[in-house]
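Visitor: I have a model open and would like to go through it. Can we start with a single side chain and work outwards?
Guide: Fine, here it is.

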Amino acid sequence: MIISRGWGLLGLLLPIAVVLLGIYFFSPDGKTTKPILAFGFVISGILTAVIGVIFQKKSNNKNDLFFMPLSIWGIIWIVLGVFIYSMI
């Protein structure tokens, strides 16, 4: 069960979309590699953090996924991407 309020579901859908777009445009055979996955997570983390900060400033509604704001999810995706990239 996914617990989200407001636009919190973007914290999960945005990384999936960015990684799939990265695989589509940058993988010649349609398979994912660690650099594509890592860069996809870092880019989606930056986008999620920026969107979270914008939503936090512009509205009084909470936008969170599993009780964590979108900006925190952005940091989580960035750290995960850096970790995956360091494992190459």
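Visitor: Which backbone oxygen does the side chain of T48 reach?
Guide: That of S44, at 2.6 Å. Keep in mind that this is a predicted model.

Visitor: And which element is T48 found in?
Guide: T48 belongs to helix α2.

Visitor: Is T48 buried or exposed?
Guide: Buried: its relative accessibility is 1%, and the cut-off for buried is under 20%.

Visitor: What does T48 touch, not counting residues up to four places away in sequence?
Guide: The list is G11, L14, L70, S71, W73, G74 and W77.

Visitor: Let's move to the helices. How do the axes of α2 and α3 cross?
Guide: They cross at roughly 165° and come within 7 Å. Helix α2 covers residues 34-58, and helix α3 covers residues 70-86.

Visitor: So what is the orientation of α2 and α3 to each other?
Guide: Roughly antiparallel, because angles over 145 degrees are put in that class.

Visitor: Is the crossing left-handed or right-handed?
Guide: The crossing of α2 and α3 is left-handed. The contact of α2 with α3 has 18 nonpolar residues, along with eight polar and one charged.

Visitor: New topic, backbone angles. What is phi of F66?
Guide: Near 55°, which is a positive value in a residue other than glycine.

Visitor: Where does F66 lie?
Guide: In the loop between β2 (64-65) and β3 (68-69). F66 counts as partly exposed, at 36% relative accessibility.

Visitor: What about phi of F67?
Guide: Phi of F67 is positive as well, about 65°, although F67 is not a glycine. F67 is also found in the loop between β2 and β3.

Visitor: Is F67 buried or exposed?
Guide: Exposed, with a relative accessible area of 60%; the cut-off there is over 50%.

Visitor: Now the whole protein. How many helices and strands are there?
Guide: Three helices and three strands. From the N terminus the order is β-α-α-β-β-α.

Visitor: What does the C-alpha trace span?
Guide: About 45 × 25 × 20 Å along its principal axes.

Visitor: How much of the protein do buried residues make up?
Guide: Of the 88 residues, 32% are buried.

Visitor: Last one. Among contacts with a separation of 6 or more, what do residues 24 or more positions apart account for?
Guide: They account for 70% of those contacts.

Definitions and conventions
Residues are numbered from 1 along each chain as its sequence is written. This is a predicted model: local features need pLDDT of at least 70, side-chain atom pairs count only at pLDDT 80 or more; totals for chains, interfaces and linings use all residues. Side-chain values use heavy atoms; hydrogens and water are left out. Axes are lines fitted to C-alpha atoms, for helices over the stretch in contact, and angles run from 0 to 180 degrees between N-to-C directions. Helices (H or I, at least four residues) and strands (E, at least two) are DSSP runs, numbered from the N terminus. Angles under 35 degrees count as roughly parallel, over 145 as roughly antiparallel, 65 to 115 as roughly perpendicular and the rest as oblique. A crossing is left-handed if the near helix is turned anticlockwise from the far one by less than a right angle, and right-handed if clockwise. Ala, Val, Leu, Ile, Met, Phe, Trp, Tyr, Cys and Pro count as nonpolar, Asp, Glu, Lys and Arg as charged, and the others, Gly among them, as polar. Buried means under 20% relative accessible area, exposed over 50%, partly exposed in between (1.4 Å probe, protein chains only). A polar contact is a pair of N or O atoms within 3.5 Å; within protein, one must be able to donate a hydrogen and the other to accept it, and residues adjacent in sequence count only if both atoms are side-chain atoms. Contact means heavy atoms within 4.5 Å.
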